[in-house]
Amino acid sequence: MSDLRSYLAQIRKTRDLKTIRSRVSTRFEIAGITAKADGSQAVLFEDVRGSGFRLVSNLVGTRSRFAQAVGGKDIHKRVISAISRAKKPKRAPGRFLQNLARNTSQLPIVTHFEKESGPFITSSIIYAVNPDTGRQNSSFHRMMPIDKTHLSIRMVEGRHLHRCFVDAKEHGEDLRVAVTIGVHPAVSIAGAYQAEWGADEIDIANSLLGGRLTLARLESTGLDVPSGAEIVMEGRILRDVTHKEWMVEMLQTYDHKRAQPVFELESLHYRDRPIFHDILSGYSEHRLLMGMPIESKLTGGLKKAYGQTRRVSMTNGGCSWLHAVVQIKKRTGADPKRIIKKAFELHRSLKQVTIVDEDIDPDSADSVEYAMATRFQADGDLVILKNVRGSSLDPSSDQKKLRTAKMGIDATRPLSKRPEGFELARIPGVEKIRLDRYA
């Protein structure tokens, strides 16, 4: 099995799943509980007021659960391998065909924040046909209900679904799509990965799952979706209708109002005792789902270009999106600045890149700041890029032109200085000492 339920059974065994049987509200309460559990357990809500659906949140809110989802502790090795060995899944009957509805009234769509434009479906993965290759594309897009059969759909201009939508619109057509909610996290992780145009992210998910993922063909759209999906919607993204919305992004800040395309629902299928997946925007699951695939992309790309790259960390303080720390084995004084430039090329949303030595933990903010305090000189080790393409999420940037300034920091040991002056002192055997053994 390679569906959401098999993953829940897996993390239940490792005590990473908390089940709440008390009745809860979709208006702020579920979001509040998820926020309190952030960085600890996934949460399964058995009784959601006004809905017969169960709801799960914080599925991959820690690196440990993320590793369980991709099937190995070395997350980046698993993801990079899955990308290079992407494999088309086999077919199986859709278990979601057990029930049919014509509107979204039963779905436990969560209202997360006080100033958002409405409740949002935050885990929705959209499937569409690539007009150039005929293969499918799958990607994350949040959806806000307008009425029982229409939802706004957030699309970033230039990304793959938007390109599919523009192509359909130019041909005078609506874009036929399918939507899944509640899939194995490996499918979500692949959907969050920014694959090359024409690649099918579902093949990456299948590789992560060891070839166990199966797809079911939908009659109306002819699209393939995971056969074990909890909820599947079919419909059209209307070519000439928009609706204004705004939402909380990865930085936990409010986006500005945007006129977004509208999805028109035709059918909604769901499994018996279905499980709705909700992702709390700006918290750990959201950040890891978006940031970890980028971490893998940077790790693979930098290691390929510069073999001395050891690890990459998309930092918590940088919302797993804007700041990266790169650990390297420094060989020449020019290495750090070359790697800074390449990192900015690989992920254009990066605003800050810090290069550190092998003895610095890139996941530790204290360790990185220590490297800056003892190994960095601002007049020679700082790289500043002005008026370059940045992230639309950064509220300090030029939001209309998407221009920003970027900074690279070389916090590595100067090769011209004596190495002993930078060696971290250690106490032999300190790691074996336990205070509770001493009276």
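This is a predicted model: local features need pLDDT of at least 70, side-chain atom pairs count only at pLDDT 80 or more; totals for chains, interfaces and linings use all residues.
Mentor: Residues are numbered from 1 along each chain as its sequence is written, and side-chain values use heavy atoms, leaving out hydrogens and water.

Trainee: How many aromatic pairs does a search of the whole structure find?

Mentor: One aromatic pair turns up in the whole structure.

Trainee: Why is the pair of phenylalanine 53 and tyrosine 270 called tilted?

Mentor: Rings of Phe, Tyr and Trp (its six-membered ring) pair if their centres lie within 6.5 Å, and planes under 30 degrees apart count as stacked, over 60 as edge-to-face and the rest as tilted. Here the centres are 5.0 Å apart and the planes sit at 45°, so tilted it is.

Trainee: What makes the pair a link between distant parts of the chain?

Mentor: The two residues are 217 residues apart: phenylalanine 53 is in the loop between strand S2 (42-48) and strand S3 (54-57), and tyrosine 270 is in strand S14 (residues 258-270). Both are buried, meaning under 20% relative accessible area, with exposed over 50% and partly exposed in between (1.4 Å probe, protein chains only).

Trainee: How do you know that the buried residues of H10 are on the same side?

Mentor: In H10, Ser367, Val368, Ala371 and Arg375 are buried. They cover an arc of only 100° around the axis, so they share one side of H10; that arc is taken from the directions from the helix axis to the C-beta atoms.

Trainee: Which exposed residues does the face turned away carry?

Mentor: Ala365, Asp366, Glu369 and Ala373.

Definitions and conventions
Helices (H or I, at least four residues) and strands (E, at least two) are DSSP runs, numbered from the N terminus.
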